[in-house]
Amino acid sequence: MSKVICVDVAKCNGCYNCQLACKDEHAGNDWTPYAKPQPDIGQFWVKLTEHVGGTIPKVKIHYIPYMCNHCENAVCMEACKFGAYYRREDGFVILDPEKCKGCGACMKACPYEAIYMNKDLKICQKCTGCAHLLDNGYKLPRCVEACPTDAMQYGEEADMQDFIVGSTVRMPETGLHPKVFYRNIPGKFIAGTVYDPVEKEVVIGARCRATNGGKTIEVLSDEYGDFWFKDLAMGKYDVVIEAKGYEFKTFDAVDATIDVNLGDIPLDKK
């Protein structure tokens, strides 16, 4: 059974330890037959990405580490005409640096942009799962070991089913069956603040509804007049705001393919 890496995005605080640990392990170190030294710059076999949504003051940030997915249907292996790729018993897809000719075919085939060209060595390079460490008794790849919040987990696929069931992978539509699984990636949000422009005070307890495809989500504005529709599926929503003593306020077809801050919304008294 193959090994997998599981990432709980809700636990990731953006410390970059995974990215730095990978650099520390591979930059300047020759781990042949698994990998030649990773360059100091230009390559991130683990790359932490920052995702910022909304506008001030309605902003949410989350972080996602990206890496080689060691896919079950690895197109990089199929693209290589020199037999440089092979799969270990633990499922990690390895690019043999001694056999690589640097043609770049695997780079073009990989939809995740997880393969890099080393121009000095004239070879392609990528994550090895820290196979050299695992072969020498280490229990975890460096990126997983370095995570202080346990956002990253590593283990047998059969043992990680509690995490895997209900999780997602990158670009599932490719059919490559990645072995890196993600949980708690936030959906989109629509937010705003409702207030009375005459009294110059926020409106607390306003009923705020967002409707898409016959499904309606309802929240109340809080003590600051703020409302948040969180973890929305991407699409267009009709938003209606209703408060006692005030006229309805509507926003038609709010485009939640991005995070939306509707801003400060004045309510007119009846």
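Visitor: Taking strands as DSSP runs of E with at least two residues, and helices as runs of H or I with at least four, both numbered from the N terminus, where is Asp-268 found?

Guide: This is a predicted model. In it, Asp-268 belongs to the segment after β17, the strand that covers 260–266.

Visitor: Which residues is Asp-268 in contact with, leaving aside its neighbours within four places in sequence?

Guide: With those neighbours set aside, Asp-268 is in contact with Tyr-246 and Glu-247. Another pairing concerns Tyr-195, which is 73 residues from Asp-268 in sequence, while their C-alpha atoms are 9.1 Å apart in space.

Visitor: Let us turn to the whole chain. How many helices and strands are there?

Guide: The chain has six helices and 17 strands. Its radius of gyration is 24 Å, well over the 18 Å given by the globule rule for 270 residues, so the chain is more spread out than a compact globule.

Visitor: What box do the C-alpha atoms fill?

Guide: Along the principal axes, the C-alpha atoms fill a box of roughly 75 × 40 × 35 Å.

Visitor: And what percentage of the residues count as buried?

Guide: Buried residues make up 47% of the 270 in the chain. As for contacts between residues at least 6 apart in sequence, 57% of them join residues at least 24 apart.

Visitor: Into which domains is the chain divided?

Guide: There is domain 1, covering 3–183, and domain 2, covering 188–266. Their C-alpha centres lie 39 Å apart. Eight residues from domain 1 and nine residues from domain 2 take part in the contact.

Visitor: How does the lining of the largest pocket divide by class?

Guide: The lining of the largest pocket has 12 nonpolar, six charged and five polar residues.

Visitor: Which residues lie nearest the centre of the second largest pocket?

Guide: The second largest pocket has a volume of about 210 Å³. Lys-47, Tyr-66, Tyr-112, Glu-113 and Tyr-116 lie nearest its centre, out of 14 lining residues. Strands β2 and β3 are the elements that give two or more residues to the lining of the second largest pocket. By class, this lining holds 10 nonpolar, three charged and one polar residue.

Visitor: Next, helix α1. Why is α1 described as largely enclosed by the rest of the structure?

Guide: Helix α1 spans residues 17–26, and seven of its 10 residues are buried, so the rest of the structure largely encloses it. Its buried residues are Cys-18, Gln-19, Ala-21, Cys-22, Lys-23, Glu-25 and His-26.

Visitor: What covers the buried residues of α1?

Guide: The cover includes the strands β2, β3 and β8 together with the helices α4 and α5.

Visitor: And what of the backbone around α1? Which residue follows α1 with a positive phi?

Guide: Gly-28 follows α1, and its phi is near 80°. In the loop between β1 and α1 lies Tyr-16. Tyr-16 also has a positive phi, near 70°, although it is a residue other than glycine. Tyr-16 counts as partly exposed because its relative accessibility is 30%.

Visitor: Where does Lys-200 lie, and what is its phi?

Guide: Lys-200 lies in the loop between β10 and β11. Its phi is positive, about 60°, and it is not a glycine. At 71% relative accessibility, Lys-200 counts as exposed.

Visitor: One last topic, cis peptide bonds. Which residue does a cis peptide bond join to Pro-57?

Guide: That residue is Ile-56, and omega of the bond is about 5°. Pro-57 is in the loop between β2 and β3. The bond from Thr-32 to Pro-33 is cis as well, with omega near 15°, and Pro-33 is in the loop between α1 and β2.

Terms used. Residues are numbered from 1 along each chain as its sequence is written. This is a predicted model: local features need pLDDT of at least 70, side-chain atom pairs count only at pLDDT 80 or more; totals for chains, interfaces and linings use all residues. Side-chain values use heavy atoms; hydrogens and water are left out. Contact means heavy atoms within 4.5 Å. Buried means under 20% relative accessible area, exposed over 50%, partly exposed in between (1.4 Å probe, protein chains only). Ala, Val, Leu, Ile, Met, Phe, Trp, Tyr, Cys and Pro count as nonpolar, Asp, Glu, Lys and Arg as charged, and the others, Gly among them, as polar. On a 1 Å grid over the protein atoms alone, a cavity is a set of points where a 1.4 Å probe fits but cannot get out, and a pocket is an open set with protein on both sides within 12 Å along at least five of seven lines; lining residues have an atom within 4 Å of a point. Grid points are joined across faces, edges and corners, and a volume is the space filled by probe spheres set on the points. The radius of gyration is taken over C-alpha atoms; the globule rule is 2.2 Å times the number of residues to the power 0.38. Domain bounds come from an automatic or database domain assignment.
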